[in-house]
Amino acid sequence: MIFVAANHLARQMPLSCQKGVLLIVAQFDKVADIYDATRGFARGVDGEICQWILQRLTADPAITEIGVGTGRVALPFIAGGVRYTGIDVAEGMVDVLQAKLGGDLRRSQLYVGDVHEGLPVADASQDAVVAVAVMHLLDPARALAQVRRVLKPHGALIWGEDRLDPASPRARIRSHYIGALPPASPQITGEAHRRILGEWGATATRHTVATWQFDESPATALESLRQREQSFTWVLDDAAHAEAVRRTEARARQLWPDLERPVTQQNAFVVDWYQC
Ligand SMILES: C[S@@+](CC[C@H](N)C(=O)[O-])C[C@H]1O[C@@H](n2cnc3c(N)ncnc32)[C@H](O)[C@@H]1O
């Protein structure tokens, strides 16, 4: 296994990257600079999430985040001096996080590496592993074996996801496009991960940690689809993608005659807390 500390000058990717992971690296590197603009939380939501998590852990916890990305969740932990280890396979995403931190990692460490190959922390050393909007990209057995290895006895897997209001234009536009995709696998739906967590005997509780509103026009959501800014759009080839966008746009024109008009929409951050 090869890990490269992200603040090390001579960075390289893990040699054992598989094809799927290489595709993920290429795609996330491509969207790294616009990631926060397209998926960011409303102001203050990251701090709310950080406080909510810290209140549920023992004092001075050690936390690892898999798929740390641009630090949408990690930033207040790191800036607040928490012992936080972040790992991500896409160097471009980690670069954005480092730039936000101005290079000051406080008590944290960032790594460029593939979670499947191993996590750069010792066995039974972590109070919690944070995984946000990443499980669907990971092989359940390999990734969760690493999570289990590094968690202390009774440590927590904190599995976070954004939950758009299904009635919002962004959600309806996405679900129309997703209708053109092959049926989702248990890996994508999270079913396979949940089965493994059930086998561990982990107890799960679901919490809506934060809610917020944002204004966005249907045209903006369509353009985001067209530009393939979300990982679910990376499945189709160019022709199928263009056709799915065309159909989605036709449907959107029926639903919102003025596509340019911003609509106020609801988003939420939901955590499944697995006590292991
Ligand atoms: C949708 S983004 C989520 C980023 C961050 N957790 C957030 O919520 O903003 C998924 C992230 O997982 C990373 N990722 C995907 N597969 C990975 C793997 N096998 N090992 C490490 N990181 C991975 C991607 O590079 C990307 O930065």
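Predicted model: local features only at pLDDT ≥ 70, side-chain atom pairs only at ≥ 80, totals over all residues.
Reader: Are α10 and α11 roughly parallel or roughly antiparallel to each other?

Author: Helix α10 spans residues 218–226 and helix α11 spans residues 238–255. Their axes come within 10 Å and cross at roughly 175°. Angles over 145 degrees count as roughly antiparallel. The two helices are therefore roughly antiparallel.

Reader: Which residues of α11 are met by residues of α10?

Author: By class, this contact has 5 nonpolar, 1 polar and 2 charged residues. On the α10 side are Pro 218, Leu 222, Leu 225 and Arg 226. In α11 they meet Val 245, Thr 248, Glu 249 and Ala 252.

Reader: What touches Ala 131, beyond residues up to four places away in sequence?

Author: Ala 131 belongs to the largest nonpolar core, which has 54 residues. Along with Val 129, Val 130, Leu 157 and Ile 158, Ala 131 is among those that touch the most other members. Leaving out residues up to four places away in sequence, Ala 131 touches Ile 66, Gly 67, Leu 157 and Trp 159.

Reader: How many residues are in the other core, apart from the largest nonpolar core?

Author: The largest nonpolar core has 54 residues. The other core lies apart from it and includes Leu 225, Ala 244, Val 245 and Ala 252. Its number of residues is 8.

Reader: Which residues of helix α7 are buried?

Author: Helix α7 covers residues 169–178. Its buried residues are covered by elements including β7 (203–216), α10, α11 and β8 (263–275). The buried residues are Pro 169, Arg 170, Arg 172, Ile 173, Arg 174 and Tyr 177.

Reader: Is Gln 230 buried or partly exposed?

Author: Gln 230 sits in the loop between α10 and α11. A residue is buried if 20 or more other C-beta atoms lie within 10 Å of its own, and exposed if 12 or fewer do. Gln 230 has 16 within that distance, so it counts as partly exposed.

Reader: How far apart in space are Arg 195 and Gly 69, C-alpha to C-alpha?

Author: Arg 195 is in helix α9 (residues 191–200), and it counts as exposed because it has 12 C-beta neighbours inside 10 Å. In sequence, Arg 195 and Gly 69 are 126 residues apart. In space, C-alpha to C-alpha, they are apart by 26 Å.

Reader: What is the positive phi of His 154, which is not a glycine?

Author: His 154 lies in strand β6 (residues 151–162). With 8 other C-beta atoms within 10 Å, His 154 is exposed. Its positive phi is about 65°.

Reader: And where is Ala 124 found?

Author: Ala 124 is not a glycine, but it has a positive phi of about 45°. It is exposed, with 12 other C-beta atoms within 10 Å. Ala 124 is in the loop between β4 (109–112) and β5 (126–132).

How values were computed: Residues numbered from 1 in each chain as written. Axes fitted to C-alpha atoms, helices over the stretch in contact; angles between N-to-C directions. Helix = DSSP H or I, 4+ residues; strand = E, 2+ residues; numbered from the N terminus. Parallel < 35°, antiparallel > 145°, perpendicular 65-115°, else oblique. Contact = placed C-beta atoms within 7 Å. Nonpolar A, V, L, I, M, F, W, Y, C, P; charged D, E, K, R; others polar. Core = buried A, V, L, I, M, F, W, Y, C linked by C-beta atoms within 7 Å.
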